[in-house]
Every structure is written in structure tokens, then in C-alpha cells.
Amino acid sequence: MTDDAAATPTCLARPLPGPHDGGTGCAAARGVDGRPLHAAALKFFWGPMDCGKSTMALQMNYNHARQGRRGLVTTRIDRSLGPRVTTRIGLAHSAVEVTDGLDLRALVRDTWAEGVRIDYLICDEASFYDVAHVEQMAELVDGYDVDVYAFGLATDFRSDLFPAARRLFELADEVARIQVEVLCWCGREGLLNARVVDGRVVREGAQVVIGDTVDTADVRYQVLCRRHYRSGDLGPRA
Ligand SMILES: [Zn+2]
């Protein structure tokens, strides 16, 4: 982004119906390559469990909405097990459940067809999406000029990248680690999501198993520093 572009007022009222519009109004504000000076972007915000990703997702949705922008919130396997984004500090928002067959581009096009413009997507729990969904996010940015803000874990309980997270690291215009620190029981910064079954750290099993971070769950997750993730030490309270 050049200084000139940064000085141009952000265009909030892009004309319908969307991709490759040659329409009026803000469409005049284009760079030398014909792209709108408001260049849409794919951004991936990542962090361990409990670091406030969903809270930040809903805050971002609120910030954009109050500026007159229109967006959709999507999620997958939210802990409430419904089509909602819920947060550990009590916020909630209705959301579109991302299923295997859902095409995010079609979701945007269908919404446009109803006469509702979409300026951005907030994609919560994005590490649980398919790689194909990430490709669709990139196309929404490049071909539809829709901003996509994805939030999710980077690594699974084995400390391997989730496939969708890997693709987001590869494709995103911007990647940011969420700066709310989650501490391991030892006081070091928590980095990794350990899966705990019967009081022990497990390292094999399905990549996605629903659990919670409360102590009473059959399968629970605990954020640990790398040292204690590797040693499997859950601390004095475990
Ligand atoms: Zn530790």
C-alpha cells in the first residue's frame, strides 16, 4: 500500500453486484493495475486455545460493522456446537456453519443475489475448515474484493499444523500471532495445545476431537509451554 493509497478515504459503499464490477461510485478509485485502491486482504490471526481468538473475531466484526461495512461470520465446530461463535468471556454471535460442501464464494454470491452486499468475512475456527475453503477465501479477496479475516489454531494436539492453517500461512497477505498470552502452569508462555485423556497427555488419535478446557471433560485440552508439552507434565494440579 502506497502513501497515496493510504491517504485515500476508504470506500465503504462498493456497488453491487460484486465481482469485477465496472460500475459507478467508488469503482473510480483504482490503481494502475485496475485493482481498487482499497485492496482486499486475507489475514490470518492465530494462537493457542483460550487466547481470545473468538473474542477478537467478534470485536473485529463489531468494529467493521459500526463503520457501515457488511459482513458474514462463519465458524466450524464452535464449542457451543451450534451455528454461533461463542467466546469464553460470554460474547456470542450468530454464524454460518461451514460444512464440507459449503462454498464460501457461493455463500457471498447468494447473499449478494438477495441484495445484501458483503464487504468482509470473519472466519472463526478456520483451522477446522478444509483446504478448499482457504482457496475460496483467497479467491474472494482476489476476484471479489472481499476482505477475509480468519482466526484459528495453528497446530493440533500433536504440534503439527492443521492443513487449513498451513494453507493460510502459505496464502495469507498477513499473518499475526494473537498477542494475548496464555500461560502454562509454570508461568512460561503457553504455545501448544495438549490433549489430555484420563489425566495424561496423548499424542495419537484423530486430529479433531471435541473437548473442552475445563478439568472435568473426558477429553480436555491444556495449553502448555513447549518444555512441558514435550515432557507431558501437566503441573501440580493435574
Ligand atoms: Zn510450562
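Is arginine 105 buried, partly exposed or exposed, and what is its relative accessibility? The legends below describe close-up views of a predicted model.

**View A. Arginine 105 and its salt-bridge partner.** Arginine 105 counts as partly exposed, at 22% relative accessibility; the cut-off for buried is under 20%. Its side chain meets that of aspartate 103 in a salt bridge, at 2.7 Å from N to O.

**View B. Salt bridge between arginine 117 and aspartate 119.** The two side chains meet at 3.1 Å, N to O. Aspartate 119 is buried, with a relative accessible area of 2%.

**View C. Salt bridge between glutamate 135 and arginine 167.** The closest N and O atoms are 2.5 Å apart. This pair links distant parts of the chain: glutamate 135 lies in helix α4 (residues 131–144) and arginine 167 in helix α5 (residues 163–171), 32 residues apart. Glutamate 135 is partly exposed at 33% relative accessible area, and arginine 167 is partly exposed at 24%.

**View D. Salt-bridge network of Arg76, Asp100 and Asp130.** Salt bridges link these residues in a network. The whole structure holds 12 salt bridges.

**View E. Strand β2 (residues 71–75) and its pairing strands.** Of the 5 residues in β2, 4 are buried. Strand β6 (residues 120–123) pairs with β2 in the parallel sense over 4 bridges, with valine 73 opposite isoleucine 122. Strand β5 (residues 96–97) also pairs with β2 in the parallel sense, over 2 bridges; here threonine 75 stands opposite glutamate 97.

**View F. Positive surface patch.** Arg188, Arg203, Arg226, Arg227 and Arg230 form the patch. Arginine 203 sits in the loop between β10 (200–202) and β11 (219–224) and is partly exposed, with a relative accessible area of 36%.

Conventions
Residues are numbered from 1 along each chain as its sequence is written. This is a predicted model: local features need pLDDT of at least 70, side-chain atom pairs count only at pLDDT 80 or more; totals for chains, interfaces and linings use all residues. Side-chain values use heavy atoms; hydrogens and water are left out. Patches are made of residues with over 30% relative accessible area and no salt bridge: like charges are joined within 9 Å, nonpolar side chains (Val, Leu, Ile, Met, Phe, Trp, Tyr) within 5 Å. Accessible areas come from the Shrake-Rupley method with a 1.4 Å probe; for residues, only the protein chains shown count as cover. A salt bridge is a side-chain nitrogen of Lys or Arg within 4 Å of a carboxyl oxygen of Asp or Glu. Lys and Arg count as positive and Asp and Glu as negative; His and the chain ends are not counted. The place of a charge is taken as NZ of Lys, CZ of Arg, CG of Asp or CD of Glu. Buried means under 20% relative accessible area, exposed over 50%, partly exposed in between (1.4 Å probe, protein chains only). Two strands pair if DSSP finds at least two bridges between them.
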